[in-house]
Amino acid sequence: MTTPYQQPPQPQTPQQAPQWQGGGPSAGYTSPIPVRRAHLGDALASEWTKLRSVRSTMWTLGVMIVLMLGIGLLTALVISSVSSEPEIPSGQEVLSLGFFGVLLGSMCVITLGVLTIASEYGTGMIRTTVTACPSRGRVLVAKSLVFFLLVFVISMVITMTVSALQLSILGAESPSGGSWLRATAGVSLYLATLGLLSLAIGTLIRHSAGAITIMIGVVLLPLVLAMFMFSDSLTALREFLFDYSIPNQMAAFYDEGIRVSGPSGWEPLWILLCVTAVAMVAAFFSLDKRDV
């Protein structure tokens, strides 16, 4: 029995979920954006956006350009102003003047390679990255491709510009095609691969300062150690460190190696590619298996 002030109980009906929660078509909002699977192109676009939008990229690449371009041109200008020899230097001798700028510029490439991934661990951005792209192998491939192509293109433009200006300033003869290719494309490939090795070390270490320190040691320490090995019993080790130190391998692209017995031609690039491939495989398993 109900009073005038009471309503009879109503039967409860289940509420229908909105369409975006799995409800029927008549209840809820339908997004006009098509749903599709993410692919490598999306990861490449994301990594390119991150790499070009951070200040460290612009500063590091800017310093690299200033070092490679400035030191190369300054060396040529100094030689042309103090040289009193009437004979024209060979094109190969002029190309070798770009070695000093490339060696210093490699420090910038190493730094940028490490920061490309290690900085995300420092800021925690790596969690957002792997959430947006759960395939961690795809993340590593995208970072590697974007970084490698960026460094290679910039290095190629700078080395070609420096080489052409040096030849013009010193009035040297044109070098052979092979020498020109090694001093431009070869050195650029070597720098970009060295940056990939730095990226792999940054993935393994997950700490910017630590990874940069390790890479600087890899570049300079073998040569420094070899210079202070005076004992005859260490002769074999000293020669090995001289031959396969990274500065000596870079100089080999200009046919100006520290030692004649070391790698020559394109051999330094193949050696570094093998080392980098091993490091990248280790970086892939580290990124895939370890927590972020």
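This is a short walk through one chain, from overall fold to single residues.

First, what we are looking at. The model is predicted. Mean pLDDT for the chain is 82, and 83% of the residues reach 70 or more. Helix α3, residues 91-95, has the lowest mean pLDDT, at 72, while α11 has the highest, at 92. One stretch needs care. Across residues 19-23 the pLDDT is below 50. Beyond near neighbours in sequence, that stretch still has ten contacts in the model.

Now the fold. The chain has eleven helices and zero strands. Take the contacts with a separation of 6 or more. Residues 24 or more positions apart account for 75% of those.

Next, the core. The largest nonpolar core holds 52 residues. Which of them touch the most other members? They are Met-64, Val-102, Leu-140, Phe-147, Leu-194, Met-250 and Tyr-254. The elements giving two or more residues to this core are α2, α4, α5, α6, α7, α8, α10 and α11. In numbering, α2 covers 55-82, α6 covers 136-170 and α11 covers 267-289.

Look at Met-64 in that list. Set aside its neighbours within four places in sequence. Met-64 is then in contact with Gly-105, Cys-108, Val-109, Ile-154, Ser-155 and Ile-158.

On to helix packing. Two pairs today.

Pair one is α4 with α7. Their axes come within 7 Å and cross at roughly 35°. The crossing is right-handed. On the α4 side, the contact residues are Val-102, Ser-106, Val-109, Ile-110, Gly-113, Val-114, Thr-116, Ile-117 and Ala-118. On the α7 side, they are Val-187, Leu-191, Leu-194, Gly-195, Ser-198, Leu-199, Gly-202 and Thr-203. By class, this contact has ten nonpolar residues, seven polar and no charged. Keep the helix repeat in mind when you read those numbers. An α-helix has 3.6 residues a turn, so residues three or four places apart point the same way. Two names carry over from the core: Val-102 and Leu-194 are among the residues that touch the most other members there.

Pair two is α8 with α9. The axes are 8 Å apart, at an angle of about 145°. This crossing is left-handed. From α8 come Pro-222, Leu-223, Leu-225, Ala-226 and Met-227. From α9 come Arg-238, Leu-241 and Phe-242. The class count is seven nonpolar, no polar and one charged.

Stay with α9, residues 235-244. Which of its residues are buried? Arg-238, Leu-241, Phe-242 and Asp-243 are. The cover over these buried residues includes α8 and α10.

Last stop, Leu-287. It is found in helix α11. Why does Leu-287 count as buried? Because its relative accessibility is 2%, and the cut-off for buried is under 20%. Leaving out neighbours within four places in sequence, Leu-287 is in contact with Tyr-121, Arg-136, Leu-140, Thr-203 and Arg-206. Two of those names came up earlier. Leu-140 is one of the core residues touching the most other members, and Thr-203 is part of the α7 side of the contact with α4. There is also a distance for Val-139. Leu-287 and Val-139 are 148 residues apart in sequence, and 9.5 Å apart in space, C-alpha to C-alpha.

That is the tour.

Definitions and conventions:
Residues numbered from 1 in each chain as written. Predicted model: local features only at pLDDT ≥ 70, side-chain atom pairs only at ≥ 80, totals over all residues. Heavy atoms only, no water. Core = buried A, V, L, I, M, F, W, Y, C linked by side-chain atoms within 4.5 Å. Buried < 20%, exposed > 50% of the residue type's maximum accessible area, 1.4 Å probe, protein only. Helix = DSSP H or I, 4+ residues; strand = E, 2+ residues; numbered from the N terminus. Contact = heavy atoms within 4.5 Å. Axes fitted to C-alpha atoms, helices over the stretch in contact; angles between N-to-C directions. Left-handed = near helix turned anticlockwise from the far one by under 90°. Nonpolar A, V, L, I, M, F, W, Y, C, P; charged D, E, K, R; others polar. pLDDT = per-residue confidence, 0-100.
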